[in-house]
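Subject: Structure handover

Hello,

Here is the structure for you to look at. My notes follow below it.

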Amino acid sequence: MTAWTERFRELEPDWTRAPSAHNTQPWTVDYAADEVVLGWDRARELPAGDPDRRDLFLSLGAFLETCLIVAADAGLRVRPEVELRERQFARLLAAAEVYPTPYTRATVRARGCVRGALRHPGAVPGVPGAEGRLVELSSTQLRGQAATADRWLFSSGPVVRELRAWLRLTPRHPRYDQDGLTDRCLGLSRLEAVGLRAVLALRLNRPLAPLLAASGGAVLEPEHPVLVFTGEAAGPEALIGAGRELVRIWYGLTQEGLAVHPCSQLIDCPRTAAALRDRLGATPLAVFRVGRPAAPAPRSARRQLRPAGYRPGRTAP
Ligand SMILES: Cc1cc2nc3c(=O)[nH]c(=O)nc-3n(C[C@H](O)[C@H](O)[C@H](O)COP(=O)(O)O)c2cc1C
């Protein structure tokens, strides 16, 4: 390991703050002589909920961008090379310059999803890099669609089973501090978390939607801004690029004191995805509520990465 890869490794608690769907943290990181190899763990894919791997590659793009921001803030001269191979998607290499970015480790640490109440942000501020890619809709326009998307989501046995595997509804869960979606992050009260565990244990899907309302469209306040990020979904490289842009937008909103709540079910459900595509004349890649959080975002769990040389197996979640 060289000095910069060693230093980069020390910054793991910051660059692993990148967001990922269901908080699966699908990334793997391997250290070579003078480079860092970024890949992903098949066991952390979501084959039922994300069969096209849209969210996987968006999440990996968000991770790559977060690595670059954290390295830049520490003064490390690093550049990315996106290169898709078997379970490998990019390399970080020594560069002549520090990666240019307006964001810092403080931005990365401050970002977080808020699924509960969000106050109206007034006019949504423009953020660098979002030009032409971000469409603002009103929650009122999406209310019926959100309900349709939720019904679709919770009526699929495999999707619900997969979601269940990533839920951490009690601090006694063995992976509560490592990955997945905790009761706190979903904004569930103690009673709601207990109720949800009971419903899941009984394998009842029907009451799931209201119980998970805090993380779905049912919390869409009237006349609240919902942003749709559009772009090319043509292949992993395009999605990795889009994931980098998406997280830059989230960091830009963080700098403005705003938080987001992604509502991907609107683009997972074929009917609501098609309706959005027709309305916008573009492919939606991410949909999220945006607003001023009433309280700071709950801190989501992160796992510590394995030592260099570890080969991922089928152990998660
Ligand atoms: C591509 C992508 C899709 C996501 N979709 C959803 C979603 O549909 N609903 C949701 O509540 N959170 C969604 N999230 C947010 C993740 O669950 C969140 O990033 C993760 O739990 C870690 O929490 P944090 O972002 O607060 O650190 C998504 C995140 C990404 C990167």
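This is a predicted model: local features need pLDDT of at least 70, side-chain atom pairs count only at pLDDT 80 or more; totals for chains, interfaces and linings use all residues.

Residues are numbered from 1 along each chain as its sequence is written, and side-chain values use heavy atoms, with hydrogens and water left out.

Ligand site. 20 residues surround the ligand (a heavy atom within 4 Å of it). The closest are R111, C113, R115, S264 and S300.
- R111: a polar side-chain atom is 2.8 Å from a ligand oxygen atom.
- S264: a polar side-chain atom is 2.6 Å from a ligand nitrogen atom.
- R302: a side-chain N or O atom is 2.9 Å from a ligand oxygen atom.

Helices α3 and α9. Helices here are DSSP runs of H or I, at least four residues, numbered from the N terminus. α3 spans residues 54-73 and α9 residues 236-255. Their axes (lines fitted to C-alpha atoms over the stretch in contact, with angles from 0 to 180 degrees between N-to-C directions) come within 6 Å and cross at roughly 55°. Contact means heavy atoms within 4.5 Å. Among the residues that meet are F57, L58 and L64 of α3, and L239, I240 and V247 of α9. The contact divides into 12 nonpolar, three polar and four charged residues (Ala, Val, Leu, Ile, Met, Phe, Trp, Tyr, Cys and Pro are nonpolar; Asp, Glu, Lys and Arg charged; the others, Gly among them, polar).

Helices α5 and α11. α5 (residues 139-154) packs with α11 (residues 270-280) at about 150°, axes 8 Å apart. They are therefore roughly antiparallel.

Regards

Note on methods:
Helices (H or I, at least four residues) and strands (E, at least two) are DSSP runs, numbered from the N terminus. A polar contact is a pair of N or O atoms within 3.5 Å; within protein, one must be able to donate a hydrogen and the other to accept it, and residues adjacent in sequence count only if both atoms are side-chain atoms. Angles under 35 degrees count as roughly parallel, over 145 as roughly antiparallel, 65 to 115 as roughly perpendicular and the rest as oblique.
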